[in-house]
Amino acid sequence: MRSLLSRLFRPRHADVVLVLGIARSGTSCVSGALSAAGVDFGSGLKPADWQNPKGNFEDEQLYRLNERLLSCYGSSWSSARELPEDWRRTDAMMAEARELERILAGRFGKPGLHGLKDPRLVPLFPVYEEVFKRIGVAIWPVIVKRKKTEVLRSIERSGYFPAFTPQSGDELYRFYMDKLDLIRSRSGAVSICYNELIERPAVEAERLCRQLPFGRNGLAVDMKAAAAWVDQTLYRNRS
């Protein structure tokens, strides 16, 4: 009986949930809730820090690779610079893209419901979308939004953006929101508001999880654990 159940509930698809949002918008909180619900964010994650004491949920290896991918165009997570349509144009970018495909195939190519989170995925979405399609992995974007005033206040206080000014912060926020709106229109992404998740963790966590492919992977969803993971005491920089 046990062997029969293990076959019945064995993951059947290679799916990855991409948690997308500007830095300090609540993507770590959403990723933590999804992890508690049963999404596999893997090992080798960046360690927790004072900004995210319960975890960042960012793959260390891919975080470093994403930095290099953006640097191929003199960009970074805090730049409002567009990735060119012919992003493959440089030899450096092509080499990094091949490395990305190798890592993603090894990390996400096996059946299961995986998770991946990094603010850099927003400007790099065309690259990831193409590579995941090439290796046969289905993507499930989750777009996280938060009040603009809270995001910018948190970025300014974090020290992650040393050259922050009200103008550069506003430009960066608009750049990410435009990118997220485009991703949602093209991919039918699921959206969640960090402020609403904090206010109604049980309702919003359940709404989010029901739109993700737990069922097609034969996975049970731990809704209570997802809601319980949301720590309202970590909600800082309130409007």
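Relative accessible area sorts residues into buried (under 20%), exposed (over 50%) and partly exposed (in between), with a 1.4 Å probe and protein chains only. The model is predicted, so local features need pLDDT of at least 70 and side-chain atom pairs count only at pLDDT 80 or more, while totals for chains, interfaces and linings use all residues. Residues are numbered from 1 along each chain as its sequence is written, and side-chain values use heavy atoms, with hydrogens and water left out.

Charged pairs come first. Side chains of opposite charge can pair when their charged atoms come close. With a salt bridge taken as a side-chain nitrogen of Lys or Arg within 4 Å of a carboxyl oxygen of Asp or Glu, a search of the whole structure finds 23. One of them joins Asp 59 to Arg 107, at 3.9 Å from N to O. Asp 59 belongs to the loop between helix H2 (27–37) and helix H3 (60–71), and Arg 107 to helix H4 (residues 91–108), so this pair ties together parts that are 48 residues apart in sequence. Helices here are DSSP runs (H or I, at least four residues), numbered from the N terminus. Asp 59 is buried at 10% relative accessibility, and Arg 107 is buried at 18%.

Glu 82 and Lys 179 form another salt bridge, at 2.4 Å from N to O. This pair links distant parts of the chain, 97 residues apart: Glu 82 is in the loop between H3 and H4, and Lys 179 is in helix H7 (residues 166–187). Glu 82 is partly exposed at 48%, whereas Lys 179 is buried at 19%.

Arg 174 is partly exposed, with a relative accessible area of 45%, and Asp 170 is partly exposed at 21%.

Asp 170 also takes part in the contact (heavy atoms within 4.5 Å) between H7 and helix H6. Helix H6 (residues 148–158) and H7 pack at about 125°, with their axes 10 Å apart; axes are lines fitted to C-alpha atoms over the stretch in contact, and angles run from 0 to 180 degrees between N-to-C directions. H6 and H7 are therefore oblique to each other, since angles under 35 degrees count as roughly parallel, over 145 as roughly antiparallel, 65 to 115 as roughly perpendicular and the rest as oblique. H6 contributes Lys 148, Val 151 and Leu 152 to the contact, and H7 contributes Gly 169, Asp 170 and Tyr 173.

How values were computed: Helix = DSSP H or I, 4+ residues; strand = E, 2+ residues; numbered from the N terminus.
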